[in-house]
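Here are my notes on the model, point by point. Please read them with the structure open.

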Amino acid sequence: MNWSEEWNSSIKESSYLKILNEKGISNNDFWKNLDYYDELMKYSGYPGKILDRISTFIFPEDILLDIGSGAGAFALPLSKISNKLIALDPSPYQLSILKSKAEADKCDNILYIEKEWKNVSKYEIGHVDYSLAAYSFFEDDIYSFLEKLIYVATKGIFLVFRAGRGDPLREYVYNNKNSVDFLHLYNILSEMGYIFNVEIFTSDYKLPLPFVYRSYPYSIKTEDEIFNYLNENNRLIKKQNFYEVLCQRKDALLYLIK
Ligand SMILES: C[S@@+](CC[C@H](N)C(=O)[O-])C[C@H]1O[C@@H](n2cnc3c(N)ncnc32)[C@H](O)[C@@H]1O
């Protein structure tokens, strides 16, 4: 099995890159449309214990790089326990959310870089103590993506990606299969000569039904079809005047301390 090739072709087919491609939407517009992403993550307890685990490695003098920081699920809390944090993301919208949260929390040690990782040279960033990428492996060449983030980090690397298929509802509403998970990353890294540690984090949570509908703005299924699917899979809990949906997420933290 060629893990890199498999990853490169699958990620285009199974991630939001497929939506960008099919609908002709820019990365920035996609995230603007998903402006409730933070709220959704909070329901699921993300980054929760993964963040706690990463935090155990960080010292106050450390410089961190968060590749694909988004609205700062990791970047904002990690900036509070480190010397400096570089938040890199190509989406000005995502970075603007992070900036306003950082301002509100009086975090002035974040450096913002509005770029794709592939457009940053190894030497532009210089060396950092730790590099991190969480659910941001959206480039054509995973090998170069990983190689560069390993190169720039002197103390260690943290990677976060799903363990398993993810929510089967996602496959249903978009009619595609999540064929890659953290094991692909693990195998690519070991072919590169790096054996990462792996820890799995599972979170069971409930989402209000309207929120589930909103979570899939580009769904090819109607709300009725989604309701029936959830019902048939015993995932609906009837409350007095609304429904909750049973959900689970499984994340893998891959880390290497140099
Ligand atoms: C699913 S969000 C994850 C955000 C955050 N890391 C987290 O775990 O919540 C993915 C982020 O990756 C960013 N992204 C997409 N392509 C990227 C690239 N080529 N380089 C760096 N970041 C990228 C997106 O703009 C988005 O903010």
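**Notes on the predicted model**

1. Start at Asp 89. A polar atom of the Asp 89 side chain lies 2.9 Å from the backbone nitrogen of Ser 91. The model is predicted, so read this contact as a feature of a prediction. Asp 89 sits in the loop between strand E2 (84-88) and helix H7 (92-104).

2. What about a charged partner for Asp 89? Asp 89 is buried yet has no salt bridge. The nearest side chain of opposite charge is Lys 99, and that is 11 Å away. The cut-off for a salt bridge is 4 Å between a side-chain nitrogen and a carboxyl oxygen.

3. Asp 89 also belongs to the ligand site. The ligand is surrounded by 22 residues. The closest are Tyr 46, Gly 68, Asp 89, Ala 134 and Glu 139. By type, the shell divides into 12 nonpolar, 7 polar and 3 charged residues.

4. Which residues approach nitrogen atoms of the ligand? A side-chain N or O atom of Glu 139 is 2.5 Å from a ligand nitrogen. The protein covers 97% of the 600 Å² of accessible area that the ligand has on its own. Two backbones take part as well. A backbone N or O atom of Gly 68 lies 2.8 Å from a nitrogen of the ligand. For Ala 134, a polar backbone atom is 2.9 Å from a ligand nitrogen.

5. Next, Pro 47. This residue lies in the loop between helix H4 (37-44) and helix H5 (48-55). Is Pro 47 buried or exposed? Pro 47 counts as buried, because its relative accessibility is 11% and the limit for buried is under 20%. Pro 47 and Asp 251 are 204 residues apart in sequence, yet their C-alpha atoms are 9.3 Å apart in space.

6. Now the charged pairs. Side chains of opposite charge can pair when their charged atoms come close. How many salt bridges does the structure hold? The count is 12.

7. Glu 199 and Arg 53 meet through their side chains in a salt bridge of 3.0 Å, N to O. This pair links distant parts of the chain, with Glu 199 in strand E6 (residues 197-208) and Arg 53 in helix H5, 146 residues apart. Glu 199 counts as partly exposed at 22% relative accessibility. Arg 53 counts as partly exposed at 27%.

8. Lys 155 and Asp 62 make a salt bridge at 2.5 Å, N to O. Lys 155 lies in strand E5 (residues 153-162) and Asp 62 in the loop between H5 and strand E1 (63-67), so the pair ties together parts 93 residues apart in sequence. Where does each end stand on accessibility? Lys 155 is partly exposed at 28% relative accessibility, whereas Asp 62 is buried, with a relative accessible area of 0%.

9. Asp 62 is buried and pairs with Lys 155. Asp 89 is buried too, but has no salt bridge.

Notes
Residues numbered from 1 in each chain as written. Predicted model: local features only at pLDDT ≥ 70, side-chain atom pairs only at ≥ 80, totals over all residues. Heavy atoms only, no water. Near = heavy atom within 4 Å. Polar contact = N/O pair within 3.5 Å; in protein donor to acceptor, adjacent residues only side chain to side chain. Areas by Shrake-Rupley, 256 points an atom, 1.4 Å probe, with all protein chains shown as cover. Nonpolar A, V, L, I, M, F, W, Y, C, P; charged D, E, K, R; others polar. Helix = DSSP H or I, 4+ residues; strand = E, 2+ residues; numbered from the N terminus. Buried < 20%, exposed > 50% of the residue type's maximum accessible area, 1.4 Å probe, protein only. Lys, Arg positive; Asp, Glu negative; His and termini not counted.
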